[in-house]
Amino acid sequence: MNRRVRRKTLQAKGNVTEAVTKGPVNEVEAVVCLAKEEREVDWSSLPDDTVVALFSLLNYRDRASLASVCRTWRFLGSLSCLWTSLDIRAHNLDSTTASSLAKRCSKLRSIRFRGASAGNVVINLEAKELREMNADGCRDLTDASLSMLAARHQRLESLQLGPDFCEKITSDAIRVVALCCPRLKRLRLSGLRDVDGVAIGALVEHCRDLSELGFFDCMNVDETALGNAASLRFLSVAGSRNIKWTAASQLWVSLPNLVALDVSRTDVTPDAAFRLLFSESLKVLCALNCGSLDAGVFLAYNSKTKVLLARFTDIVKGIATLSQDSHSAPNLSGMKRINHYNNTSNNNSKISNVRNSRIGDNKSSEVKEWLEWVLSHALLRIAESSTPGLDSFWLKQGTPILLNLLGSLQEDVQERAATALATFVVIDDETATVDPARAEAVMHGGGIGFLLDLAKSRREGVQSEAAKAIANLSVNADVAKAVAMEGGISILAALARSPNRWVAEEAAGGLWNLSVGEEHKGAIAEAGGIRALVDLVFKWPSGGEGVLERAAGALANLAADDKCSMEVAMAGGVHALVMLARFNKHEGVQEQAARALANLAAHGDSNGNNAAVGQEVGALEALVHLTGSHHEGVRQEAAGALWNLSFDDRNREAIAEAGGVEALVTLAQNCGNASQGLQERAAGALWGLSVSEANRMCTRLQLEHCGIWHSMLVMLGE
């Protein structure tokens, strides 16, 4: 669902001497760096409470690694106080692994997972004290699985499934949740087909402390039953359809405790919205991207006591007003604007300054958290929909709000805000085009510093989304320079070494886009990016097509530079790329691997990479085979690689022995309607092979037999 820009263009060769600030990305690297500097430190003499404090700063994977140092650390690393929260979204846990973790999860309070299969495994953790469950990618989650999760975790206070649609969940499962989890305070569900009155009635009856309900993008929601939920303080039906708004507004306006209501992306009528604003308890009505609302209808409402968040209102000013009156909302207007992206003196304190300005009492904090959550959700959905006519909104309001939300104390809000930034700048995925005004608005608003700070977080979900935003923004040349100047290249190179595939994939995408600029190639090499990219190919040789395509694409851009091409070869890049060309079946991976091999072979006069590619086992056979691909991009890059390789005498004969002449003649015969690039490469490769006397007559006879000899001569002449 989320957009990811893939940069496929290639620049001319170049060199760079720009220095890049290097530093540790996470706490583990910090410990390692400190250990190198202080070699006399006896780590085993550290007090236990100090070790536990260090463990608490790490994600559970790094914690497990350090726990293997010695028996004492193994014991301390398994203390239940360190396992109060768990994020397993990037891992495929089986029942055996989950059972082995169960001893550590006796006090587990919060868990995040991805997919229905992971939900079934969560049961084996036996986390009976679990209070919060947050899951995404649950399209295949069934009523039976959700019912089992609820039955095994009866102390749940918060349950969130989304933003992916939970199409297999019905009202029956909601009733089971209500019966099994009477302590439930928050329920957020996305994409249900029907939420009937019986299910809502069960929640009202059995969950007496229920203060927040969210039914997002649902087909049907019983608005009448919601009118009986007297305990609700927060309600969202954003994106839901088939709501009878006249009845809903008449009932919901009487809810005694309702403080905030989200009707974004619905067809709420002006009369209904106006009526809701006259609720005595309601303070905030969020109605972003509601097509039926316009400014003229709402001139009479009291903006001093009520806040309407809509496209035609000043959202930042409205929230600031609410914050001043009740200290119950984030002060979005107080965000510092950075006008020069090379001013990095305060980068480390940007997010902390925003956070420190938003402290209030418990009830105020609840309103703030809810408002941040619904804003991040609404803006992400609007960005994904590519709704036309929103340029002014994004530049004046959307961008500063998203940048502020990056400083939220809620991890999922930070993730969604970063994802929205990665999404709303994209104009076209296929052509890797971003909106320059939007990208530069993020840059001038201090967004690069915010995102790089998040990329250095120990939380892998935040790292992944921040790296994705940096990658997409870096398609813009000016933003790419800002990323490099603020140390982003070394950060992305370090993230590319992450054991988390999602983090590594987005970091590789960032290096791919940055490597388009000649001035960044040398910096990527100095930061260890080339070695990290090559290692990714060996780490995920199959099953990780996204990370492999990005790694191969970045290596292809880097290989266009003479010096970098030698580093790619020395890092084992030739073998890695040939392995992808031979065995990977994903067309995007094949295309980028062939392009990288073509660029490596283009430096025959200055280094030995051309011969090295030709001598790699299976390389020539793989490229010949790829010329018969159904994908034009794969055929074009494979033909280009064979063209470059044909400049080496030994390669010419080997290509012919591998069936290259026949394959290229067939390609030339069938590419009459193809792109000019493919035609040129096919003709060029045949010309290169024809330098050999033995190949020349064979090539000419086959071309004459196919009736394309003269057209090839014309093309070569041009």
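This is a predicted model: local features need pLDDT of at least 70, side-chain atom pairs count only at pLDDT 80 or more; totals for chains, interfaces and linings use all residues.

Colleague: Let's begin with the overall make-up. How many helices and strands are there in the protein?

Modeller: The protein has 718 residues, and 57% of them count as buried. Among contacts between residues at least 6 apart in sequence, 71% join residues at least 24 apart. As for the count you asked for, the protein holds 37 helices and 14 strands.

Colleague: Which residues of α18 does α16 meet?

Modeller: α16 passes α18 in a right-handed crossing. From the α16 side come D391, W394, L395, T399 and L403. By class, this contact of α16 with α18 has six nonpolar, one polar and two charged residues. The partners in α18 are A437, R438, A441 and V442.

Colleague: On to charged side chains. How far apart are the closest N and O atoms of R89 and D87?

Modeller: Side chains of opposite charge can pair when their charged atoms come close. R89 is buried, at a relative accessible area of 8%, whereas D87 counts as partly exposed at 23%. The two form a salt bridge, and their closest N and O atoms are separated by 2.7 Å.

Colleague: Which residues make up the salt-bridge network that includes R89?

Modeller: A search of the whole structure finds 29 salt bridges, and the one between R89 and D87 is among the links here. The network of salt bridges connects D87, R89, R112, R114, D136, E411 and E415.

Colleague: Where do the two partners D196 and R175 lie?

Modeller: Their side chains meet in a salt bridge, at 3.7 Å from N to O. The pair links distant parts of the chain, 21 residues apart. D196 counts as partly exposed, with 24% relative accessibility, and R175 is also partly exposed, at 23%. D196 sits in the loop between β6 (194-195) and α9 (197-206), and R175 in helix α8 (residues 171-180).

Colleague: How many residues apart in sequence are the parts that R188 and E212 tie together?

Modeller: The side chains of R188 and E212 meet in a salt bridge, at 2.6 Å from N to O. R188 is in strand β5 (residues 186-190) and E212 in strand β7 (residues 212-216), so the pair joins parts of the chain separated in sequence by 24 residues.

Colleague: What is the phi of A432 near?

Modeller: R265, in the loop between β10 (260-262) and α12 (270-276), has a positive phi near 60 degrees. A432 is found in the loop between β13 (426-428) and β14 (433-434), and at 6% relative accessibility A432 counts as buried. A432 is a residue other than glycine with a positive phi, near 55 degrees.

Colleague: How many of the eight residues of α22 are buried?

Modeller: The buried residues of α22 include G488, I489, S490 and L495. Helix α22 (residues 488-495) is largely enclosed by the rest of the structure, because the buried residues number eight of the eight.

Colleague: One more, please. What separates the C-alpha atoms of E505 and L495?

Modeller: E505 is found in helix α23 (residues 501-514), and E505 is buried, with a relative accessible area of 2%. Along the chain, E505 and L495 are 10 residues apart. Their C-alpha atoms are separated by 9.0 Å.

Definitions and conventions:
Residues are numbered from 1 along each chain as its sequence is written. Side-chain values use heavy atoms; hydrogens and water are left out. A crossing is left-handed if the near helix is turned anticlockwise from the far one by less than a right angle, and right-handed if clockwise. Helices (H or I, at least four residues) and strands (E, at least two) are DSSP runs, numbered from the N terminus. Contact means heavy atoms within 4.5 Å. Ala, Val, Leu, Ile, Met, Phe, Trp, Tyr, Cys and Pro count as nonpolar, Asp, Glu, Lys and Arg as charged, and the others, Gly among them, as polar. A salt bridge is a side-chain nitrogen of Lys or Arg within 4 Å of a carboxyl oxygen of Asp or Glu. Buried means under 20% relative accessible area, exposed over 50%, partly exposed in between (1.4 Å probe, protein chains only).
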